[in-house]
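Colleague: I'm new to this one, could you walk me through a few parts of it?
Modeller: Gladly, let's have it on screen.
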Amino acid sequence: MASADFWPLCTLLSLAVVQGKQHALPLPVPEIVRVYSDANDTRDFGVWKMNVEWRDNFPNDIKPEPVTYDVEIFHTEQMRLVHNETVEDPMGTHQWSWTSPLPLQCTSHSVRLRTRHQSQTSDWTPLYTLKGKDIDEFPESYVYPQDYVGWVGEGIVFCCIVRTERLGFSSPHFTIQISNRTYITEPVRHDDISSISGSDILCDHTGATYFIGYAPNDQDLTCETRDLNSVECHWIPGKTGKSYHFNVQYTVNGRKCSVDQCVLDDSTDKGVMNWTLTAKNKLGVKMISDVADPKHRVRLKAPTITSPVLVHARNATLEWQWSEMSKLNSFPMICQVEVNGHTVQETFNGSGLKSLVLTDLQPFTGYSARVRCGSYEHFYKWGDWSNLITFSTKEDIPEVVDVWMQVLNGHTYVVWKNLTANQSHGIITGYELLLGSATDMTKEHISKATNEHCHKVSAKRAEGDYFISISAKNSVGVSPPSKITIPNLQSDGGIIPNRISGLNGSFSMSWDPSPISSCGYVVDWFPAYNTEQCAVKWMKIPSGISDATLHSDFENGVKYTLSVYACTSGAPQLLQRREGYVKELAPSGRVRSLKAKQFGMNVELSWEDMIEEEKKGFLLGYIVSYKRPSDDQNEDVDKKDAFIQESLIVGPSVRMHMLSNIRPGYYTFSVKAFTSVGEGPGSDITLSVDQQGVSSTPWTRFCLQKVRSLW
């Protein structure tokens, strides 16, 4: 027994002694097997990654734990240390990679390693060099990197390897020398994306192009169904760059997609689903997701409207078709219609809806319409609008004609307005007039053409108690009659017109409510002079309103007569009459028949009123003036009295004015009318005032001058 237990103990003690001796020995130097760059730079655009492989030289595979490796990298020519690092090798692969801040082609790089166990290190391996392009084997000039694709704001360092025979190199960009032939830049940065052709940097008769942009930054992934058979995902693409180098590849749940949408042939009956968009370009990857039940995300495609099936005067039926009806036949939907560019407030709903009726349309009117639909149970968004169709409603009987009357120069005229397109409900073919009396059973029928809007009432029928009704005709029928009782020609009640002034191109009328009014009021207006028959215009005012502002084609300087009538069950009753100008002007005409007579040493001027149209406003009076020319030869006068002028303002109704104590002489007298705006042109007359008080005519004055010349 004692012998059997002894040998395992001896083995353990021997092993401990051996290990203790090994730990006391120097660590073996590792051996670099290979140093190489990535092999994917087939176009020599630039490579940054250096790979190092080595092996340990521990005897009998006895290796202490833990073991790490010190690595140092130098720019070979200047032996300048550019990187050092202690790396672990937990998997025992004996491989390590380093990414250089410069393309490895810019200059040769040398690497060495040593083993480290706790505080103990081995000797360094010999330097292992990865050759760059700055050696004699490559005498030409080069710039790296070529066709570099970088981020906005990224600092890019470029190197220039000058030709071997180049002496005295100088460049505004390449200012830092790292080997005999290699110069580098400070980091080059751009704050915005480059043009589609990129940016260039030049050196020693060569150069490089580089491109600046962004990694994908797409936003707002939204997935929905358009037809209940598939799912359509769309998103807002982010800004990347102008060059093809920044083209983005898209996938949704692993399926390739276009730039801004993706259609997935997925069932919409799976309930809540998850979709992930992956956007990838040379600068990075962006992933965004969306989660929803497709049946709660229904945005229907546009239906196709066929021609309206039934079109009437005031309604029309629209029908449409769906391109995918397999699941839409029983799908509860709500639809909306747009008519003439305005969305109708009423909505329509039903399963698999394919038609609707438009109501409250105008007869004989052109319309355009389109529809769109959405989910009734889980409304998400309105679908796309259908095609736009146009149609015209049929004709209907016209509306009631607006009729009025005018009393002018002892005659009565019945006038009516043209029906608007919305009132005529078709093409008006004429008017039917019916004249009658409450006491006379005989009636007179008169037809009028479409361009006639006035009828002169005979003197017999203008004596009162007679009425006239007017109806408009189109192809469908005759409008309801519009009736007016003809007033007596002397029904103005002796009302004297009051003045009225307009403001801003309009007249404002107001009146006291009348107890005899049973159907409102009528305000009419027309020019106060040279009125053409049937030129009256009017406005009907509802009951309860006793004021109106009249906007019409009023002309400045024209006097208008404005009247207010009470609408009664019989003839209209005049309540108020006013006359005025919407805007006064200065007179445009002269006083007429200006005469001058001498009475002793006084002169009487007389004239007739101006033509009414030439007054252009309310006359405030007249300006009377006279003067004596300096070449007057009737008698000697001082030079200071060569011109005598006096102006007098007299009232507007005056037609004669006496000038007193006029000294003998040859005078010109002038009379001008004026309004609140200014003076009109003057009427002139000449008169020779003599000492004996006898007025001389121009012929007498001519003879006297001839006699004096003979003397």
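Modeller: One cut-off to begin with: a residue is called buried under 20% relative accessible area, exposed over 50%, and partly exposed in between. Please keep in mind that this is a predicted model.
Colleague: Okay, so is Met656 buried, partly exposed or exposed?
Modeller: Met656 has 42% relative accessibility, and therefore counts as partly exposed. As for its place in the chain, Met656 belongs to strand β50, which covers residues 656-659.
Colleague: Switching topic, how many residues of β26 are buried?
Modeller: Strand β26, residues 332-339, is mostly covered, with eight of its eight residues buried.
Colleague: And which ones point which way?
Modeller: Pro332, Ile334, Gln336 and Glu338 point one way, while Met333, Cys335, Val337 and Val339 point the other way, and all are buried. In a regular strand the side chains alternate between the two faces of the sheet.
Colleague: What does β26 pair with, then?
Modeller: It pairs antiparallel with strand β30 (residues 366-375) over seven bridges, with strand β28 (residues 348-351) over four bridges, and with strand β27 (residues 342-343) over two bridges.
Colleague: Where does Glu338 come in?
Modeller: Glu338 stands opposite Arg370 in β30, and also opposite Thr343 in β27. For β28, Ile334 has Asn349 as its bridge partner.
Colleague: What sits between β26 and β27?
Modeller: Those strands form a hairpin with two residues between them, and in the turn Asn340 has a positive phi of about 50°.

Technical notes
Residues numbered from 1 in each chain as written. Predicted model: local features only at pLDDT ≥ 70, side-chain atom pairs only at ≥ 80, totals over all residues. Heavy atoms only, no water. Buried < 20%, exposed > 50% of the residue type's maximum accessible area, 1.4 Å probe, protein only. Pairing = 2+ DSSP bridges.
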